[in-house]
Each structure stands twice: as C-alpha cells, then as structure tokens.
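Please look at the sequence and structure first.

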Amino acid sequence: MLSIKNIVKQYANHLALDDVSIEIEQGSIFGLLGPNGAGKTSLIRIINQITAPDSGEIRINGEKLNPSHISQIGYLPEERGLYKKMEIGDQMLYLAQLKGMSKSEATKKIKYWFEKMEMQSWWKKKVEDLSKGMQQKVQFVATIVHDPKLIILDEPFSGFDPVNAEIITREILELNQKGATIIFSTHRMESVEQLCDNIALIHKSRKILDGKVKNIKNSYRNNTFKIDYFSDNGVIESYPGLFEVLNEKTLEEGKQVTVKIADDKNTNDVLQYLLPKVRITQVNEVIPSINDIFIQNVTALN
Amino acid sequence: MNKTLLIIQREYFSRVKKKSFLLMTFLVPTLFIAMYAVVIFIFIKGDDKVKEFRVLDESGVFVNKLQDKKNVDFKYINGSYSDAKKDLIASEGDFLLYIPKNYEGKNQIEIVSEKKPGLNIVGDVQDQMENVLQNKRLLEAGIDTSIINQAKAKVIIQAKQITEDGEKDASVGATFVVGFVAAFLIYISLFIYGTQVMRGVIEEKTTRIIEVIVSSVKPFQLMLGKILGIGMVGLTQFLLWIILSAGLATIAGTIMMNSDSSKAKIEQMKNNPDQNLQQPDARTSAFLNFSKAADTVDFPYIIGTFLFYFLGGYLIYSALFAAVGSAVDNETETQQFMLPITLPLIFTFIIGMNFIVNNPDSSLSFWLSMIPFTSPIAMMIRVPFGVPVWQLLLSMALLIGGFIFTTWVAARIYRVGILMYGKKTSYKEIAKWFMYKE
C-alpha cells in the first residue's frame, strides 16, 4: 500500500529524516513509534505532501505520490485545531470539500457520521462552545469523513477521556476491517501493543527497528521467567549451568524470583530441579514490552 | 483552482456574515452624511450669537462708521476708558473696542474682553477700520466719494481647466478634498484589510487547523484564497458605502433644498452672482463653491481609479501581512515585522498630505506615484488634479507587477512559516525560509 524509500529530509541545521525506508501493507494497522523529536511528524508531513523530501520517494499502491492522492488520505494531526468561530456543520463541509468531495456527498457523509457518533445536535454549534473531548470527536470525524484509504493518526488518544478513547478505538478498528490502512504515530508504546500488527521505531532521524509486533517481541525473548513460590522448605538460589536468579522479592503471600534459564535448558529442567525444594504457585515468561525493547534499543545506541 | 474558490468563499462569507461587518457598512455612511449635514448646517446657520462691540472712540473718527454684521453689533459709548472697562465686566458685555485720540501710533487700539476674541472677528474689525481710515484720507485728499466707490475692485479668480472636451471649472479646493479623502481611505483600508489577512493567518496557525488544511491544499492556494476573499470583503464594503452614501446624500440633499431659508439663499446666490460680488458673505459663498465644485469632479473616473488602486495596494500589502502572520505565533510578536511594511505607507501619506497636494506634477510626486509600494496613496492624491494617461497606465502596470512580486516573495516565506511553532523568528530566519527549495 505505502512504500517509503530512502527518505532524507534536511532542515536548516538538523537532519530530520536520515535514509528512512518503511513498507506498510494494505489493510494493516501500523505503529510509527519514537520519542518526541525523532522525526515522526516530518515523515507524516511528507506522506501528506505538506513538505517534500530532499531525496527518496514514496509510492502509494505502486504510484508515485502526487496531489491526486490527497483525497485518499485522512490526517489527524497531533496538534488539533478547528476554526473556533465557525459552525461545526459548515466547518465539516468545508474540510470535506477541500478533500475533493462534492457538497451533497459531503453533507450525506457528515450526517451519517454525526448520527453514528451521536453528535446530531452539534451541527449549528460553534467549536468554542464544545468541550475539549467533543472537539476531538469533531476532528476525528473530519479526518475520516471522505472515506480515506489511508488514515494517519498522530497521537490519536491524547486528550480523550477513557470512554471516548474506547469509542474512537472501536471506530478505528471498524474502519480497518472495512479495508482502510491505518498509521498510528505515537510515543506512548502501550497503546500500540494492543492495536498494531506492525511497527517501526524511529530514533534520532533513523529507523532503528521494524517488523511484526509478534516477531519483534519473540526476537527479544531471552529465556527469563518469573516464578512465584512458598518458601516452606527454603529459597530459590542460582544454580550455575541451569539458571541464574536475577531478582528476588517478597510478595504478600510467598516470594517471587526472576530467573534467567541457561540457553541449552528449558522450563521443564528448572521445574524438575525446583519441585522437590519449594511449592511453586505460578510460572510466567517475561516477554519484553515494546517499551522495554524501545528503551533497550535507544540506550544501546546512545 | 476549485479549492482556491472554496477558500475564497469561506473567507468571504465568514466575514460578511459577521455583525460587525453590517454595523460598519451602515455606520460609516451615516456618520459621513451626518458630518456633511453638520457642515452644511453650520454654513447656512452660521454663528447665531450676536457679539456686542462697545466702541469707545476718543478720536471720533470711527463713530457710526463701522457697519453691523450678522453676528457683530457695534454700539458707541462715551466716557473714560477705565469706566468702560469696569462697566464691561459688571454688565458682562462681550467686547470693548478702545480707540485713543492718537490712534495712529503702534499698538494703541485695543479690544478688551473677558473671553479671547476669535481671529475672524478681530480681522473683520481691523479690515473695516482700515477701510474707514482709507476713505477718510482719500476724502481729505479731495477725491470724490463716487470715484472711491467706483475704484473699489474685487477680484475673484475662477480656475478653469482646459481639456479636450473644452473648458471646465477646476475647483482646487474640491480637487484637494477628493484627493485627500481617496488617499486617506486607501491608507486606512490597506491597514484594516491587511491586518485582517494577518490575523486570519495567525488564527489558522494558533488553532493549528493549518496542518489539516495544508494536507488538503497547497499553502499558496490557501494564502491566495485568503487574500482574495478578504479583498472582496473590502470591495463589497466600499461598494455598499458608495451606494449608501450616494443614496443618503440624495435624500439629505433633497431635504436640505426643501428647507425654505437655505433654498432661497442658494437660489438667490445662483441667480444673482453680481450681488454676491458686492456683498460677499464668506460662509454662504463657501458653501456655494463647495456644492458647485462637487459638480466639477468626475466621480466615475475617481471611483474607478480608486477601486483599482485600493485593490492593487491591498494585494501588495496583504501578501506581506500574510507573510508576517505566518512568521509569528501570536499578534504581539508582529511588531518587529510591521514597521518596514507600514513605514512606506505612513511616509507616503505624510508626504502626500504636505507635498503632493501642493505639487502634484513635481518629479517627487511622479516617482512616488510610480513605485508600487507608494503609488496607491500618491496616485490617488494626484488623480483628481489630472494625470496623463501614460503615467496612469505605467503606474498601474507597475502596481500589478509589484503585487505579483510581493505575492511570490510572501508565498515562499508563508509556506515554511505556517508550520513553524514555538520559535522566535528573526529576519535572518525568514531569509532562510525564503531560500528553502520546495
């Protein structure tokens, strides 16, 4: 769907994007991750044709990015904004028409969405009369009203209360099921894990990691487990050649250790060794979160 | 192009629908007409209050020689100077004119009053006294009174302008007024509508809607749409003002003409100019000249050039205002960039009011009316005096060229500026933006 190749963007005295290439599959939910100032917004602006890259190219469905693609992209910027004094309905119509819709078509679509999001009574209201959460809803509708094939959401959940965040999440998933490709840009890694199939990590203008969330996580598993137990007969201590205790702590009931199992051994070997000694209540694999992976990568680079 | 049209529409209607627009549309011509009415009223009514002059003439030369005027009454008294002064204060009289015996010396004749006498009144009395004295001396020299009366000449210059259509009255006063009003309107409206463009840009930037919009249209389209939309608001406002003023003026004129006293006066003046010559009444003749002069001004031509220069000047300056708006985060930061934009306007306006009106054909006036940044004001002052066609066309062509140039420059700054937040911008920074490639 979207193929980003060797994009370089240089601003006056800093390099915003350094040879970034990303492939985004049709129908996927893609997470574009990175700390503030990494270059996410620069990349999004290039995809939206707000700015042009110094070199590299972007293709949508094999076609080089051009102004005709504007109507196929919906963009929710991180910094939300609407005309404060303009009526919501008029504003929606204006924005939809700028995306290339006809007036009648836009009216129909807006009415559909207003009904769906329970906003019918807002048509004649002005933005300044709405609460922040309501404005966010309006802006979300403005982003998707023209049925874009590619939806780019920059920090979509900032400013939403949990109830509205839930509604928006549902709508995003529904749009995705109907075939829209979605790009999430965020520095809040937790939200990504539940939603995204694929991610790319951008740090200091470079892509440092990308791929399927599952694969990335798997590749960062390192045979570490958490074991909860009751220490009636003794405590778990490192056993060289089998496992190493990384961390110990006392729970409300019993104790917990984090152990790293030797590469040629597995949980069964460890359990066999431990069962006669202690009463085990729970064993969990420690799977690194995207956040951990991110921090690990970033600190490694620094 | 279609999208630019959409933007123009939004900019136009969102402003025209505002209550403040309606208010301005009706308020300004009403105020204008009210002012006009007050001026006419004063012309006709004059100063009603009659000032009493007590004349204490120790020389006896002027007794019963000074003529009462509409608002000046002369009363001749006797007695001592100090008594008369005391009396003036006690009886709250207006003026005491004291002429001592040896009045011919310097600073001998005095006008005493509690309030300061108006310059007109003093001048008037002075003129009359000179006249009386002159007559007296001529008589003493043995010249007949009838010869004196015949010899009195009054010169009134009638300015006529030769054009291809023949002669026409050229009223310098009216030309001056029309030029002044047109230049002033352009000066003010360039500021008003230019600032509106700037505010619009800042609004889009601070509400951050800009990012949504430039993901749909090119920054240049947005800027152009905004400029043209607001320009049309300005044109609409002017057209409404012209129509309303003309309508109101006609109505007011009819009412004024119907009021008996003024009608009679004006009719009398028009039918009997000789009488006017012999008894010049400064106020009424000024009004007559005013209404006569208004007839000599070619309004369609003036309004046509006015609209062109308003539009041209507006396009030049609003592009610059848009660039300034794009470079800042809020209105308070605009100060440092406003000065170089407003300076040529203020400069031309001041030069125009003091120099161009007096020397409309000088080379400074010529150059100021050619340079696109100054021509909208400078040319509008010159136009009522008559400008050669080639100069007008050259100036217009330069103005169009100027606006294409400033729009190009402004657009290059604008496209970068609108996406820059939170940084304090310097001229150096703006120059850098200008150099960025697409």
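## A parallel pair in chain B

Strand E1 (residues 51–57) of chain B pairs with E2(B) in the parallel sense, over six bridges. Strands (E, at least two residues) and helices (H or I, at least four residues) are DSSP runs, numbered from the N terminus. Two strands pair if DSSP finds at least two bridges between them. Within this pair, Lys51(B) has Val72(B) in E2(B) as its bridge partner.

## About the model

The model is predicted: local features need pLDDT of at least 70 and side-chain atom pairs count only at pLDDT 80 or more, while totals for chains, interfaces and linings use all residues. Residues are numbered from 1 along each chain as its sequence is written, and chains are lettered from A and ligands numbered from 1 in the order in which they are written.

## The sheet of chain B

In chain B, four strands in the order E2-E1-E3-E4 make an open sheet with mixed pairing. Strand E2 (72–77) and strand E4 (110–113) of chain B are at the edges with a single partner strand each, so one side of each has no neighbour in the sheet. From one strand to the next, the twist averages 25 degrees; axes are lines fitted to C-alpha atoms, for helices over the stretch in contact, and angles run from 0 to 180 degrees between N-to-C directions.

## The sheet of chain A

Chain A has an open sheet of six strands, ordered E6-E7-E8-E3-E9-E10, and its pairing is mixed. Strand E6 (73–76) and strand E10 (206–212) of chain A are its edge strands, pairing on one side only.

Strand E7 (residues 150–154) and strand E8 (residues 181–186) of chain A pair in the parallel sense over five bridges. Here Ile152(A) stands opposite Ile183(A) in E8(A).
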